[in-house]
Amino acid sequence: MTITKADLATLLHEKLGLNKREAADIVMAFFDEISAELERGDTVKLSGFGVFCLRNKNSRPGRNPKTGEMIPVSARRVVMFHPSHILKTLVHEQRPAINKTKPKKPSLTPEKQDEEFSVHG
């Protein structure tokens, strides 16, 4: 499920009793303020949720996946998000990670190794 700005405004309307226009204005102001801080190069920390920060990425060679042609990727700033340990815990409790690793083969005891690999003859 995806949550949109409109969904957030509806939740504010329902939970706090704000009219829909006020709720939408609050949601927009919230995201505008986060965007403005990041544009200025500042970090945005939302306690209990996470941190939005900027990272400078150097230019590097890249490749067009369709044609295989080498193209330069220019230097740029990207927004990074680091979730708080509280958010990580909440997410993990709701949907624990599925272990995709293959089960380990049982190890052979020294006696079984000798039996398994000994040459009779």
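**Exercise 1: salt bridges**

Work out how many salt bridges this predicted model holds, and which residues link up in a network.

*Solution.* 
Step 1. Start with the idea: side chains of opposite charge can pair when their charged atoms come close.

Step 2. Use the cut-off: a side-chain nitrogen of Lys or Arg has to sit within 4 Å of a carboxyl oxygen of Asp or Glu. The structure then gives you three salt bridges.

Step 3. Go through the pairs. Arg 21 meets Asp 25 at 3.8 Å, N to O. Glu 33 meets Arg 40 at 3.9 Å, and for Glu 37 with Arg 40 the closest N and O atoms are 2.2 Å apart.

**Exercise 2: position of a pair**

Find out how Arg 21 and Asp 25 are placed in helix α2, and say whether Arg 21 is buried or exposed.

*Solution.* 
Step 1. Both belong to helix α2 (residues 20-39), and they are four residues apart, so about one helical turn separates them.

Step 2. Exposed means over 50% relative accessible area. Arg 21 has 61%, so it counts as exposed. Asp 25, at 40%, is partly exposed.

**Exercise 3: aromatic rings**

Find which Phe residues the ring pairs link into a cluster.

*Solution.* 
Step 1. The count is three aromatic pairs. One of them is Phe 49 with Phe 81, tilted, with 5.4 Å from centre to centre and 45 degrees between the planes. These two lie 32 residues apart in the chain.

Step 2. Phe 52 and Phe 81 are tilted too, with centres 4.8 Å apart and planes at 45 degrees. Here Phe 52 sits in strand β2 and Phe 81 in strand β5.

Notes. Residues are numbered from 1 along each chain as its sequence is written. This is a predicted model: local features need pLDDT of at least 70, side-chain atom pairs count only at pLDDT 80 or more; totals for chains, interfaces and linings use all residues. Side-chain values use heavy atoms; hydrogens and water are left out. Rings of Phe, Tyr and Trp (its six-membered ring) pair if their centres lie within 6.5 Å; planes under 30 degrees apart count as stacked, over 60 as edge-to-face and the rest as tilted. Buried means under 20% relative accessible area, exposed over 50%, partly exposed in between (1.4 Å probe, protein chains only).
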